[in-house]
Amino acid sequence: MMTHWEKTMAQRYRKVKLLCRKGIPSSVRAHCWPLLCGGQAKAKKNPQKYQELEEAPGDPKWIEAITKDIHRQFPFHVMFLSPEGPGQHGLLQLLKAYTVYRPQEGYCQAQGPLGALLLMYMPPEPAFWCMVQICEHYLPGYYSPKMEALLLDSEVFIALLRRVCPRALKHLQKHGVGPLLYLPEWFLCLFTRTLPFPTVLRVWDAFLSEGVKVLFRVGLLLVRLALGTSEKRRGCPGLIETLEKLRSIPTQLLQEDTFMAEVHDVPISDRDLECECQAQLVQIRTTRPEFQYNPGNRLAGAKAVFDAQQLEDAQMGKEAHGSRIHTFLTPRIQVEPPPSLPKEQGEPEKASDGRGQKKWQARKKPDTRGKTFHFTQKPTGQTGEERSEPGTGKRRTSSYLETWF
């Protein structure tokens with residue numbers, strides 16, 4: 001399946017999605033994640049780009065900020081124990097390369113856990129391109145200075161929570177627990193600081209396959225597990241207790257198999273997410289005219305990323321080779337009138353409708369009610385007897401009936 005990835009994504013994406021929901025084996029995550037997010041295709045188009053970014057000096061302001069945060073990423077993991085180890089050094093180079101690649105965005109603290117988790121499974125270059133795809137196509141606008149995308153998604157999350165678990169939302173609003181108090185840690189870090197590590201890997205498998213919809217489902221499920229029953233809500237009489245409840249969900253409820261099964265059962269679809277985004281975008285722009293984020297730039301999963309890359313390749317090939325390129329053409333449907341039927345016996349006749357136009361009119365059967373039928377018998381010389389035709393073994397009757405009215 002991975003050796004023929006383009007054919008697989010074009011014809012069997014549903015199978016890919018089901019396998020990602022079941023969980024990608026750890027031995028092949030290093031190959032699957034770059035394929036799913038499009039990082040491998042991006043690296044092939046820019047073969048020497050990462051080396052150039054790594055050798056670039058970078059902005060001292062961002063390098064200082066990255067250096068301060070390096071030791072906070074998975075401090076108990078063997079890769080990141082020592083400042084001189086490969087983990088911290090590779091993460092520093094990866095994050096610095098991204099600030100050079102996107103100087104208008106710079107560095108965001110939430111990018112540290114993303115880069116660290118990617119480095120656990122792949123070398124720095126493919127990890128870099130995977131992070132580029134996540135920041136540009138899966139979560140565009142999340143790591144920009146204004147974070148407008150996160151602001152919009154927080155309003156969308158509240159609207160979806162009102163549909164999925166309205167009593168939990170009422171409790172949050174009663175105690176003044178807004179979405180920006182807990183959602184940034186969940187969405188910006190892709191739950192790397194919230195869930196057990198095996199569950200985080202399963203969430204990433206589904207996220208890279210199906211897109212940001214998975215993050216909303218996971219977040220809604222966490223709220224329901226923390227505040228879904230009246231007994232749990234009674235144990236949270238204030239804001240601090242409610243936030244602590246959201247951050248201390250029992251570990252037995254977060255086991256990867258049962259948790260992910262519940263995640264995929266949350267009734268939120270891509271269509272629901274798109275409709276809520278458009279509705280909340282209209283409301284935000286009425287109060288904030290300077291709001292510029294466009295959710296249409298976000299791609300909904302691996303299939304959308306693959307289709308976008310195929311379209312980009314086709315357009316680039318068409319510009320390079322002119323009209324000689326014949327791949328990825330948009331099909332056109334041409335509707336032709338049906339062929340005229342041959343005029344046979346029993347075919348409907350055309351009748352004039354009085355306006356010079358002809359229309360089809362079925363031939364009526366003769367009305368035989370009240371008619372007299374006459375039967376005659378043709379004499380043949382051998383009345384009432386049967387005779388055989390010469391040269392054949394067939395026999396035919398010598399009499400027949402004629403009927404007229």
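The questions and answers below look at the pockets and cysteines of a predicted model.

Trainee: Which helix supplies the largest share of the lining of the largest pocket?

Mentor: The largest pocket has a volume of about 300 Å³, and among the 17 residues that line it, the closest to its centre are Trp5, Glu6, Leu35, Ala41 and Gln309. At least two lining residues come from each of α1 (5–11), α3 (29–37), α4 (39–45) and α19 (302–321). The largest share, six residues, is supplied by α19.

Trainee: How many charged residues are in the lining of the second largest pocket?

Mentor: The second largest pocket holds about 250 Å³ of space, and of its 14 lining residues, the closest to the centre are Asp270, Glu274, Pro295, Arg298 and Ala300. Helix α18 (residues 270–287) gives the largest share of this lining, with five residues. Sorted by class, the lining of the second largest pocket has six nonpolar residues and three polar ones, while the number of charged residues is five.

Trainee: Is Cys165 buried or exposed, and what is its relative accessible area?

Mentor: A residue is called buried when its relative accessible area is under 20%. Cys108 is buried, with a value of 10%. Cys165 is also buried, and its relative accessible area is 7%.

How values were computed
Residues are numbered from 1 along each chain as its sequence is written. This is a predicted model: local features need pLDDT of at least 70, side-chain atom pairs count only at pLDDT 80 or more; totals for chains, interfaces and linings use all residues. Side-chain values use heavy atoms; hydrogens and water are left out. On a 1 Å grid over the protein atoms alone, a cavity is a set of points where a 1.4 Å probe fits but cannot get out, and a pocket is an open set with protein on both sides within 12 Å along at least five of seven lines; lining residues have an atom within 4 Å of a point. Grid points are joined across faces, edges and corners, and a volume is the space filled by probe spheres set on the points. Helices (H or I, at least four residues) and strands (E, at least two) are DSSP runs, numbered from the N terminus. Ala, Val, Leu, Ile, Met, Phe, Trp, Tyr, Cys and Pro count as nonpolar, Asp, Glu, Lys and Arg as charged, and the others, Gly among them, as polar. Buried means under 20% relative accessible area, exposed over 50%, partly exposed in between (1.4 Å probe, protein chains only).
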